[in-house]
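Dear colleague,

My notes on what was found in it follow directly after.

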Amino acid sequence: MSAAAVEITGLVKRFGPVTAVDHLDLKMPRGTVLALLGPNGAGKTTTVEICEGFQRPDEGTVRVLGLDPARDGAALRPRIGIMPQGGGAYPGVRTEEMLRLVAACAADPLDPAWLLDVLGLNGVRRTPFKRLSGGQQQRLSLACALVGRPELVFLDEPTAGMDPQARRLVWELLAALRADGVSVLLTTHLMEEAETLADDVVIVDGGKVITSGSPSALTAEHADDAHLRFRARPGLDTQLLREALPEGYRVQESSPGAYRVSGAVNPQVVSTVTAWCAQQGVLAQELHVGKRDLEEVFLELTGRELRA
Ligand SMILES: Nc1ncnc2c1ncn2[C@@H]1O[C@H](COP(=O)(O)OP(=O)(O)OP(=O)(O)O)[C@@H](O)[C@H]1O
């Protein structure tokens, strides 16, 4: 059987006093999409850069397509595609010129014209990199990562800064790649991106894996539960609200003025919450009842919001 796409055991990376990655383990089978999901500073980029061979681990083992990226970089590089955070190209290079340059380095590249078309970059083929919008630069960077037909691609926040339409294009392309058997490891702090694309999600915080599994498995626990969110002035006494509700409900102010009630939300609970707010002389605004999602899982496990 061929080696896993990525296998990481006991990975530690320190920068002076900061432990960016703290005994992280993960295994990603070939042909799957894995999303590293976590807030800013969780250690996602550091983990990916170690897999790409750009940084060396302090402890632990990392195998990418069965190879050690720190030692076997020359053998590994032709087989992987890399889209770094924030992209990057010579400012004066034109879109198509850049992609053709990268394609020329590959043994069996994809057709650059096809990639430009699929990624909606046809209209800016002759535009210099520095004049592209942030989202266009990101898409060109993705095209460069894919043009060499990699077996495995690393995408660091691939849709950051893109408008919803461009994000959809990228998601469709990534779904097509997966259908072709390409393995994809991406980082994101967009829960919807992880839910839409990934076979497996590894939620990281403070350099550690908090939990992992398929999006449906992670959200299936207490699947009957919903949550109720509302906004009101910051600093309401959440303990008092909890006491007004039946046993077993949790109430958090997840960020200033954003409240979340977790448990089996029914009409009675909604009415209790709004009545309690009225007693406090506040109007519960943007009242929203939703199913448990990855954002909720993260909040339950860390007490903080993913997008804080
Ligand atoms: N070269 C470096 N020198 C010093 N500290 C670093 C370095 N690279 C990363 N760090 C620190 O390590 C921690 C993890 O950073 P990392 O960039 O891996 O997180 P991340 O999850 O990718 O965050 P983001 O979503 O903001 O990209 C942070 O505290 C960061 O400040």
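Strand E1 (residues 6–15) runs antiparallel to strand E4 (residues 59–64), and five bridges join the two; strands here are DSSP runs of E with at least two residues, helices are runs of H or I with at least four, both numbered from the N terminus, and two strands pair if DSSP finds at least two bridges between them. This is a predicted model, in which local features need pLDDT of at least 70 and side-chain atom pairs count only at pLDDT 80 or more, while totals for chains, interfaces and linings use all residues. Residues are numbered from 1 along each chain as its sequence is written.

E1 and E2 form a hairpin with two residues between them, and Gly-16 in the turn has a positive phi of about 55 degrees.

Turning to helix H10, its buried residues (20 or more other C-beta atoms within 10 Å of their own, against 12 or fewer for exposed and in between for partly exposed, with C-beta atoms placed from the backbone) are Val-273, Trp-276 and Cys-277. Seen down the axis of H10, these fall within an arc of 100 degrees, so they line one face of the helix, the arc being that of the directions from the helix axis to the C-beta atoms. Just after H10, Gly-281 takes a positive phi of about 75 degrees.
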